[in-house]
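Here are some notes for a colleague opening this entry. They are set out as numbered points and can be read alongside the coordinates.

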Amino acid sequence: MIKTCKNNKLSLSLCITLALCGTASANVTNKDIANDQMTTDDVVSYGMGLQGQRYSPLTKINTSTVKEMRPAWAFSLGGEKQRGQESQPMIKDGVMYITGSYSRVYAIDARTGEELWQYDARLPDGIMPCCDVINRGVALYDDLVIFGTLDAKLVALNKDTGKVVWKKKVEDYKAGYSITAAPIVVKGKIITGVSGGEFGIVGKVRAYDAKNGQIVWERPTVEGHMGYIWKNGKKVDNGISGGKPGQTWPGDLWKSGGAAPWLGGTYDADVDLLFFGTGNPAPWNSHLRPGDNYFSASRLAIDPDTGKIVWHFQTTPHDGWDYDGVNELIPFDYKEKGKTIKAAATADRNGFFYVLNRENGDFIRGFPFSDKISWASGLDENGRPIFVDANRPGNPMDSADGKQGKTVVAAPSFLGGKNWMPMAYSQDTELFYVPSNEWEMDIWNEPTAYKKGAAYLGAGFTIKAINDDYIGVLKAIDPKTGKEVWRYKNYSPLWGGVLTTAGNLVFMGNPEGYLLAFNAKTGELKYKFNTGSGIVGSPVTWDMDGEQYVSVLSGWGGAVPLWGGDVAKRIKHLNQGGSVWTFKLPKS
């Protein structure tokens, strides 16, 4: 369903003739996307650049001026469809594009906050999103706005009218599949993962021709499944993921192995590789699936032209705690002994921070970024965790009745030392800014069996805070040494993304509703503004008409209220919402 041009004195045709009610907009090219991190007058990729560093060279809003920053406009998503608003805004030629909960898309005049059009996906009743009805954003390409839906479709809309240009079914939502991530565009291909690891799906990354939606290749992320490439419209075998069926899985469990690449990917042109993370193996009960369970809880480097897996690095082999490996892998360079190291970094759900060689996946270094890690005592020289066997949830078959295994206290909790919320990397400070949480869980295993479309866990859990006065911690981390340079503690869990700028600032929102800005070098809080609902979105910045703007979505929700256990009680008073807040400095 589409609503177009809120000014009802203007007909649809006149709106189009006036180019979005007075806002001229050009098509987004491959060059625009490739140069996104270096340009400041638009945001045309998720992560503000295909590498996902979330860094802007803008300096007008800085540590001296940010105190004067104030709202320019606020836009309400409207209706009763609130819940978690995790979208990152995109901006092109004065038009902002965002997604909302329940698979909605909005085009907004970025100068005034006026709605230009709205698209509401027609979702079936049987959707099965694991962790709230969220969506993290759109992709822009040519004259299209492309996004994924909770019933596992890709939809391409005309950027001027919001009308559907093409729509493709990616997977069967009745089997537990959905899409919540923003897709990525590389070389004219729209590339997406899928969600659904809690339902025993088979993770896949797929590439489509962005202009017409025709599929180009498919790569399963569970060992043993055949990949495909389409040549002249024909589906052709393209090699089994891992080479053979189920080498690191027992029996047929690889056929419902999970490993969903549900967060989306990054891309580095220097090595011409996509980087996707994969989620938990299914089921959670690790005693049912002895072995490393490739390619779950891993980072995969994928050839963007063919879908072939070039290298992989598994952060939690034989995962027994739901430590998804989906968190973004961010390419960055640094100097060591006069040599440039082509590295990539990730802060894993399991509590460890990893620095890898992005050319070949070799482990460079790893260190804890979570204060408490109980499931492993450290990492070996290859980056493999050194398990603490006593802190793996027990086998139900070892209990007297076979119904529940030994309960253990595991840290971090299954929601992770860092979950989906993207970190940022500053090219000025050479630090990563990591939104993290300090919590633990009671976890135990139970018997389970796969049934299509049903939850496939085999575990129970209760999340608990470790500290009385805080759970969330924004941490500034040096990837070359593992040193934590500064931290900011937050009472509630952090669940939104981070932005850093050449103005020596780090922006972040918290569940209490504040947009916060910090000195990037020292961590000193320089700015706070309450948006009225918890922030779980990712802020962006751009310049327009000679002024620098900052925008962020506000709307409390996501996984914490649904899965948080005792922690959810801490934040039950927080109000839901749905709005975009846009800030700038006064012209004077």
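Notes on cavities, pocket and ring contacts

1. The largest cavity holds about 300 Å³ of space. It is lined by 27 residues, and those closest to its centre are Cys130, Cys131, Arg136, Glu198 and Trp262. By class, the lining of this largest cavity comprises twelve nonpolar, eight polar and seven charged residues. Please keep in mind throughout that the model is predicted.

2. A search of the whole structure finds one disulfide. Under 20% would be needed for the label buried.

3. How many cavities of 30 Å³ or more does the structure hold? There are five. The second largest cavity contains about 170 Å³ of space. Its lining has 19 residues, and Tyr46, Gly264, Gly265, Thr266 and Glu328 are the closest to its centre.

4. Strands E18 and E19 (273–277) each supply at least two residues of the lining of the second largest cavity. E19 gives the most, with three residues. The lining of the second largest cavity divides into ten nonpolar, seven polar and two charged residues.

5. Turning to open space, the largest pocket has a volume of about 370 Å³. The elements that give two or more residues to its lining are helix H3 (30–34), strand E12 (184–186) and strand E18 (265–268).

6. Which element gives the most to the lining of the largest pocket? H3 does, with three residues. The lining is made up of 19 residues, and Ile33, Ala34, Leu50, Gln51 and Ala269 lie nearest the pocket centre. Ten of the lining residues are nonpolar, five polar and four charged.

7. A search of the whole structure finds 36 aromatic pairs. One of them is the stacked pair of Phe313 and Phe363, at 6.0 Å centre to centre and with 5 degrees between the planes. Phe313 belongs to strand E21 (residues 309–314) and Phe363 to strand E25 (residues 363–368), so the pair ties together parts that are 50 residues apart in sequence. Phe313 counts as buried because its relative accessibility is 8%.

8. Phe353 and Phe432 form an edge-to-face aromatic pair, 5.7 Å centre to centre with 65 degrees between the planes. This pair links distant parts of the chain, with Phe353 in strand E24 (residues 352–357) and Phe432 in strand E30 (residues 432–437), 79 residues apart. Both Phe353 and Phe432 are buried.

9. Phe313 and Phe363 also belong to one aromatic cluster, together with Trp321, Tyr323, Phe352, Tyr354, Trp375 and Phe387.

10. Two contacts between a charge and a ring complete the list. Lys235 lies over the face of Tyr228, at 4.2 Å from the ring centre. The ring of Tyr491 has the charged end of Arg570 sitting over it, 4.4 Å from the ring centre.

Terms used
Residues are numbered from 1 along each chain as its sequence is written. This is a predicted model: local features need pLDDT of at least 70, side-chain atom pairs count only at pLDDT 80 or more; totals for chains, interfaces and linings use all residues. Side-chain values use heavy atoms; hydrogens and water are left out. A disulfide is a pair of cysteine sulfur atoms within 2.5 Å. On a 1 Å grid over the protein atoms alone, a cavity is a set of points where a 1.4 Å probe fits but cannot get out, and a pocket is an open set with protein on both sides within 12 Å along at least five of seven lines; lining residues have an atom within 4 Å of a point. Grid points are joined across faces, edges and corners, and a volume is the space filled by probe spheres set on the points. Helices (H or I, at least four residues) and strands (E, at least two) are DSSP runs, numbered from the N terminus. Ala, Val, Leu, Ile, Met, Phe, Trp, Tyr, Cys and Pro count as nonpolar, Asp, Glu, Lys and Arg as charged, and the others, Gly among them, as polar. Rings of Phe, Tyr and Trp (its six-membered ring) pair if their centres lie within 6.5 Å; planes under 30 degrees apart count as stacked, over 60 as edge-to-face and the rest as tilted. Buried means under 20% relative accessible area, exposed over 50%, partly exposed in between (1.4 Å probe, protein chains only). A charge sits over a ring if NZ of Lys or CZ of Arg is within 6 Å of the ring centre and within 35 degrees of the ring normal.
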